[in-house]
Amino acid sequence: MIERAEGWMLRQGWEPFEFQRTVWRAYLAGESGLIHSATGSGKTYAAWLGPLIEDCPEFEDLAGPRVLWITPMRALAADTADALNAPAKDLKPGWQIEIRTGDISAATRARQAKQLPEALVTTPESLSLLLAREDAPLLFSHLRLVVVDEWHELLASKRGVQTELCLARLRKFSPLLRTWGVSATLGNLETAMEVLLAGRPGRLVRGESPKQVTIDSLAPPTIQRFPWAGHLGTQMLAQVIEEMEAAATSLIFCNTRSQVEIWSQAITSARPDLADVVAVHHGSLDAARRRQVEDRLKRGELKAVVCTSSLDLGVDFHPVERVFQIGSPKGVARLLQRAGRSGHQPGRPSRITCVPTNALEY
């Protein structure tokens, strides 16, 4: 049966990895588990193609979702839905893939109140509201799979506990429910899988070896004139612009939304000719504007996007060659996660450049 999944990937010009085949076989055998593989190595399709090639004729005419895809950030939902739609059009043409987050319109919310699609991309908060409905046991009675994307982002947080409670409730509605976690930057894999599956047996699937990641740093030209405090880092502006121009497209990560706006204005003030090809992306922007920036980034129309953690996870932007981190990333896992936004394809190297904002960071 996995030949159907292999055939679809080959038609896209991709050779399936062995870890993807392992996940498909495990899913079809009724197993749950955790997928841990490098960023850009195909984890999404490892988790998603299983239900698309599964034959369950007894469920085909029944209403309600078959797959729930839990994403930690609503900013990722649209991009995730696009990625899921691509193979579904060929392998399950009758399936609808939709989003259920705070960004959807009132009309979409009202329509979904009557009937949910076969696959639903949602967040822990939106899923909790769905599970509070009186008809939730009936609504999710035919659910076959829950995928928790970027499990490392939720694990050991309040939202992670919320996700665990949602999973516990869903397992009561559907005892044979399969659960798969997806991540690239977990430390203790066995513990992460145990928490995800609530102690139930599962399959730990390790994917491709970590790709080549280059981590370097920009040094100020004269340390005597480098500030001892502060977090903006705009004294490094000229060097960042110089490095940015050498790449096709760059992501410039900042730790706060105000810092994003300040850096964006500083870049366009210093280089007015870049005003049309430098954009911002953070959670305070409305969904339509975020989506517009993401679409332009995918098409390679932007030279740089100054952003917060809203572009940390999941989103697949092939044109991005360089990533800059303004100030401390607040953790090695986050640094590696952001590095993976560049070279987001199997075999392509990733590069992140740290930009110190004060002498202690330097």
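**Note on cores and ring contacts**

1. Leaving aside neighbours within four places in sequence, Trp-48 is in contact (heavy atoms within 4.5 Å) with Val-67, Trp-69, Leu-84, Pro-87, Ala-88, Trp-95, Ile-97 and Ala-119. This is a predicted model: local features need pLDDT of at least 70, side-chain atom pairs count only at pLDDT 80 or more, and totals for chains, interfaces and linings use all residues. Residues are numbered from 1 along each chain as its sequence is written, and side-chain values use heavy atoms, with hydrogens and water left out.

2. A second, separate core has 28 residues, including Ala-136, Leu-139, Leu-154 and Leu-186. A nonpolar core here is a set of buried Ala, Val, Leu, Ile, Met, Phe, Trp, Tyr and Cys residues joined through side-chain atoms within 4.5 Å. Buried means under 20% relative accessible area, exposed over 50%, and partly exposed in between (1.4 Å probe, protein chains only).

3. The largest nonpolar core has 33 residues; Ile-35, Trp-48, Leu-49, Ile-97 and Trp-180 touch the most other members. Elements that each supply at least two of its residues include α1 (2-11), α2 (18-28), α4 (77-91) and β6 (178-183). Helix α3 gives the most, with seven residues. Helices (H or I, at least four residues) and strands (E, at least two) are DSSP runs, numbered from the N terminus.

4. The structure holds six aromatic pairs. Rings of Phe, Tyr and Trp (its six-membered ring) pair if their centres lie within 6.5 Å; planes under 30 degrees apart count as stacked, over 60 as edge-to-face, and the rest as tilted. Trp-8 and Trp-14 pair edge-to-face, 5.8 Å centre to centre with 70° between the planes. Trp-8 is buried at 2% relative accessibility. Trp-14 is partly exposed, at 38% relative accessible area.

5. Trp-8 also pairs edge-to-face with Tyr-45, at 5.3 Å centre to centre and 75° between the planes. This pair links distant parts of the chain: Trp-8 lies in helix α1 and Tyr-45 in helix α3, 37 residues apart. Both Trp-8 and Tyr-45 are buried. Ring pairs join Trp-8, Trp-14 and Tyr-45 into a cluster.

6. Two charges sit over rings (NZ of Lys or CZ of Arg within 6 Å of the ring centre and within 35 degrees of the ring normal). The charged end of Lys-92 sits over the ring of Trp-95, 5.6 Å from its centre. Arg-178 lies over the face of Tyr-27, 4.0 Å from the ring centre.
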